[in-house]
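Hi there,

Here is the structure I promised to pass along.

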Amino acid sequence: MTKRNLTAPRKLVYDIVTQADDHPTAADIIDRLKSQGQSVAYATVYNSLRYLTDEGLIHELKLEGKTSRYDGRCEDHAHIVCVSCGKVDEVMTPPPAEWLARVAEESGYALTEEQFIFKGACPACRTSKQKN
């Protein structure tokens, strides 16, 4: 499926996810649609997110808790989550190939993908904590 075949609501959702730098939740997307003056039903947003994810146009992230976040960057990368404020950033450093080979050898699996989630304190939270 190509981006040009998207329905109008799917295109709105796609644009919000791909233009966001904060990995929005479905609730964030709904709020942004409303702030743009768009009236899209909750079910339509959730169905659009599922469709876009299934088509490989966006990625669903299950990072912390039960709420999914969405990422418009589809190239391989990892994520880092701030344990204080919940901010999510991208990590573009690839995992060491030697380590992945050892994981495959140890497990007997043929690795098709890997997902890494790092946790720590973001620069803003570290600075805030140092001031207190």
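Below are some notes on the cysteines and on one histidine.

A word on the basis: this is a predicted model, in which local features need pLDDT of at least 70, side-chain atom pairs count only at pLDDT 80 or more, and totals for chains, interfaces and linings use all residues. Residues are numbered from 1 along each chain as its sequence is written, and side-chain values use heavy atoms, with hydrogens and water left out.

Cysteines first. The structure holds zero disulfides (a disulfide being a pair of cysteine sulfur atoms within 2.5 Å). For Cys-82, the closest cysteine sulfur is in Cys-125, and at 3.7 Å that is too far for a bond. Cys-122 is in no disulfide either, with the sulfur of Cys-125 as its nearest at 3.6 Å. Cys-82 counts as buried because its relative accessibility is 5% (buried means under 20% relative accessible area, exposed over 50%, partly exposed in between, with a 1.4 Å probe and protein chains only). Cys-122 is buried too, at 9%.

Now the histidine. His-23 is found in the loop between helix 1 (8–19) and helix 2 (26–35); helices (H or I, at least four residues) are DSSP runs, numbered from the N terminus. His-23 has a relative accessible area of 4%, so it is buried. Leaving aside neighbours within four places in sequence, His-23 is in contact (heavy atoms within 4.5 Å) with residues including Leu-61, Arg-69, Tyr-70 and Asp-89. A polar atom of the His-23 side chain lies 3.4 Å from the backbone oxygen of Val-88.

Best wishes

Notes:
Helices (H or I, at least four residues) and strands (E, at least two) are DSSP runs, numbered from the N terminus. A polar contact is a pair of N or O atoms within 3.5 Å; within protein, one must be able to donate a hydrogen and the other to accept it, and residues adjacent in sequence count only if both atoms are side-chain atoms.
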